[in-house]
Amino acid sequence: MQLSTYRRTSQIAFLIITLSGILFGLSTTGIIYPYFFCYSCPWDVGACPIGILEHSVIDIQIEGLFWTGMAMLGFLIGFLVLMGMMFGRGFCGWGCPIGALQDVTNKTGIGKYLNKKIGGEIDHRVKYIKYLILIAIPFLSYYYMDLFYTTFCPVGGITGTVPTLIFYASDWTLGTTFPIKITSIVLFVILILLVVRGWCKYLCPVGAFLAPLNYKSAINLSRNEGSCTNCNLCERACPMDVKGMGRHEDAECILCGRCVDNCRHGSLKLGSRFAKGKMAGFLPWIIVVLLASSLMVAGAYNAGYERVDAINAIPCLGCLALDPVSPDEWFFSDSDTINEDGTGNHQDFVMEDLGNSPVFLHYRTIVCAACDEMEPHIEELEDEYGEQIKFIHINLDLAPEDEVDSYYDYDVLGEVDDTSGVPLFAIVTLNETADGVVPVFKSVYGSSSDAGASKKDDLKIVIEEAIARYQEAAGPISVVDTGKMPFVELFVDEACVNCPVTEEVLMEFEHDGISNYVAYNTNSPTTSGNYSSYMESFYQLDINDNPNGSLGHPWAIFNGGPVNKLGGGSMANLDDVADLYMTLISSSDMADTNISIEGELSESSGALETSMSILNIENSTHSVLVKAMLVEKVSRFPNIHGDPIPNAFIDLIVNQTYDLVGNEIEFVNITWDGTDALAYSDFRLSNLGVVITIWQDGVLVNSKMIDAGLEEVLLWEVDKDVKAIETNSSATFDLTLWNYQDTAIPVNLSSIQLTSLNQWTVDLSDNDLTIPAMGSQILTVEVGNVASSIGDIAEFNIRARGVYDSTIDISQKLTLLVKDDIIPPIIASTGHTPVDAKSTDLIEMSAVVGDLSPVEVKVLYYSCTDEVCSATFEINMTTTDGNTYTASAYAIEDIHNIFHYKIIAEDEAGNIQESEWLDAHLIPVEEGHHGEETSDPEAFNTMGIAVLILFAMVAIGLNIARIVRKPKKSGKTVEKTDDIEEDEEADEQDIVEEDTSDQDE
């Protein structure tokens, strides 16, 4: 059986393997083809070696991917060298589908006819173009930070673009470089029709890589000179125009075996270079094979294989010159179902941000050339629309689970666990429907081939539509905070027995953002007491038909709910009061007018400056009453327990009607320097607040508490909210008091138990302390218990009161949890590598963590320049060796010069230990070309077309020139004998018959 039969069988087998994605439904792999075939073919299972070469050169420039890029490059080079040392260019003749395609086009006879007329001189002039192309590819990829060659590659067009358009036309649209791709395909077809194996001879960069390895490959071609008659039939049959085959190795030989089949005397043989008795050169060969194998295995082991697999799983949009078709519709969710609370297939982090604005979700993976192309455009869109829409950037290779899950929610074209749709941009907004306001989203895929410019324009249209839909929506969904706050007016006196309970409930409500309140002390010895009594009389007259109206204090008038509700009464139980007040507040029926309030307090020239801005965000004008009440947050008026009455009313500083024009702001500025009884100098700015209320037709519209945002003069500092204590034991804790004013503050200290657990004791190290000016003092608290059980919780209030200033009164809640294990983990041997790191290096942090129970260890980190720091990020640490935990992270920006991190360990009992903040000093890397547009797309495209045309003209023009060349005249005339002429004619006839038999087979 002739080698041609085996060769065709091998070519068919390799084509089946190459396209096994369609034949057997196989997924992509990290295997690299040892020949030329585009990995963007919709049915491929392997990767193109030239595409991987380009990716490797790009990846080694990307922050954090240098070593992975190097591993991938080692995997590629080791694999190709190993294949070359084994088979030389044998894959070109026996495996490459592009070579098989050229064998088919050779059946037209056009190339054979030209080969007869041309001769071999042109090959020596043009065959070196492929080597220049191979050398240029990594340099161009490095310079442009892009898959430069794939834009022009005709193989990608034939094996990727054409089948994609034929079988999946509805899923794709033409990219801006599609004309270049079509031009390259047309020129490729012309070339392989006119020149036998024209692509392999002149332009194939994979053949250029394998060609030098022909000289040492294990499979080679040998000639028996004893039986050779020098008939040259072998040379006439060679599609690569190799001369003297078998006498010496030739870089252009593709070991196809046609010469062997056409040798009449069996002088040529295709076999092992190291046959019996021919072991010369075996030792260098085995050394190179071992080195190549080691490089391939090392590259694969160090994430090279995984990176190739990841690249191969994502369609190369540049190879295809196509864009994925993004559905031109807004979806409710992937399943078109939304729950009553407005959620569906929308993750919580999306819904939370959706309460304030539309959300733009930008998804990418670490390896994604089209993603890199879009990055600068997304930055421009964020700069332009960042105040109107929330941008969230998600790298699916690094993101937490909920962010990864959100990708599958919005990838309407893909499947779960398939990220081939990146880059994906999902824009989520609100839409008004017959069923109310619901979230909707639109997904946009891929990147245009014009460096992403047209895709950026498409995204702008979607963003503006999302903003318009959001603004037109009738109202927010349930997760959106309306900003409207009920307002409670509490009437008390200093002898009221049950008022402290009411005060504590309203303090908690204000802290939790449930309501605002003002406490009117009707017997305060100032004008505030007179106004408080007036307001109380007013309400008594207004609700005189209510039998509870004369029950005395506490009174609680709830505005913003059913008008003039009276609460409080004489209840003394904290829970009962809280339940009643919550019921009244929950029945809120505030006016529909949408008015927002902002403001701030400041001090100027010994007076209080109050600046308020009131915005009516509706189109119509509203006439409203604005009331602003100045309060002392920790007042000088004590209740029956001697505690300060909170939010005690001081003065009414605004009581005026305003006509608020639609979509305009009313500015109100008030200066307050005191009353007849109280001067401003009697107060601290940090202890003052203004409660602003807006009323329309006697109904509350909104309320807000504003203050100066300053720290109080005296503050507690506690290291943990909940402290651990063992059963039937005692524990000692230190609480720190800080004084932030310029004079010392003497305080009285006391404690009270809040829980009903018995047999607990509390001892303070001091009952009186003087906190030095701008300094601190430590108070030691010893807590003991007997007959406690695991899980018990005890709470104590530790209170510090000013001796000379009764407005200084602060409490710190001390919460204790009874546990069987109160010893936190031990963190030791913290450190990082490399010590002298660049800002682009991967920082590996490590620590030794010890505990009697399993621990969860995480690290917090951020990085800084000398002027600004990044946000703080959190990642988990893992261990593979006993108690040593490690985690790796990069500095947030290349220009950062210091990396801060902290190790946090928590055991099963909830005991937490934290390290100090640790520093890794970095060498900043200047912002380089990554992500920058380094070329003009139009010039890029024009140059590409020019390069393709030049290659085609060189290959075809030289052939045509050779055809019309006249034979040189010679001084000697050689007359052919009839026998010689008959032999040549017979030889040619044999070759034609062999070709015909090839075609039949």
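Predicted model: local features only at pLDDT ≥ 70, side-chain atom pairs only at ≥ 80, totals over all residues.
Figure 1. Y168 is located in the loop between α11 and β1 (172–174). Its relative accessibility is 34%, so Y168 counts as partly exposed.

**Figure 2. A patch of negative charge on the surface.** The residues gathered in this patch are D348, E352, E401, D402 and D405. Two helices, α19 (348–354) and α21 (401–410), each contribute at least two residues to the negative patch. The largest share, three residues, is supplied by α21. D402 is placed in helix α21 and is partly exposed, its relative accessible area being 32%.

**Figure 3. Helix α6 and its surroundings.** Helix α6 (residues 97–105) is largely enclosed by the rest of the structure, because seven of its nine residues are buried. These buried residues are P97, I98, G99, A100, Q102, D103 and T105. They pack against α1 (3–18), α5 (90–94), α11 (154–167), α12 (178–194), α13 (198–202) and α16 (258–262).

**Figure 4. The salt bridge of E252 and K130.** The side chains of E252 and K130 meet in a salt bridge, at 3.0 Å from N to O. This pair links distant parts of the chain, with E252 in the loop between α15 (233–237) and α16 and K130 in helix α9 (residues 129–144), 122 residues apart. Both E252 and K130 are buried.

**Figure 5. The salt bridge of E380 and K456.** In the salt bridge between E380 and K456, the closest N and O atoms are 2.4 Å apart. E380 belongs to helix α20 (residues 369–385) and K456 to helix α22 (residues 453–472), so the pair ties together parts that are 76 residues apart in sequence. E380 is partly exposed, with a relative accessible area of 39%, whereas K456 is buried, with a relative accessible area of 17%.

**Figure 6. The salt bridge of K442 and E465.** K442 and E465 form a salt bridge whose closest N and O atoms are 3.8 Å apart. The pair links distant parts of the chain: K442 lies in strand β8 (residues 436–445) and E465 in helix α22, 23 residues apart. K442 counts as buried at 6% relative accessibility, and E465 counts as partly exposed at 29%.

Figure 7. The structure holds 18 salt bridges.

Terms used. Residues numbered from 1 in each chain as written. Heavy atoms only, no water. Patch = residues over 30% accessible without salt bridge, like charges linked within 9 Å, V, L, I, M, F, W, Y side chains within 5 Å. Areas by Shrake-Rupley, 256 points an atom, 1.4 Å probe, with all protein chains shown as cover. Salt bridge = Lys/Arg side-chain N within 4 Å of Asp/Glu carboxyl O. Lys, Arg positive; Asp, Glu negative; His and termini not counted. Charge placed at Lys NZ, Arg CZ, Asp CG, Glu CD. Helix = DSSP H or I, 4+ residues; strand = E, 2+ residues; numbered from the N terminus. Buried < 20%, exposed > 50% of the residue type's maximum accessible area, 1.4 Å probe, protein only. Contact = heavy atoms within 4.5 Å.
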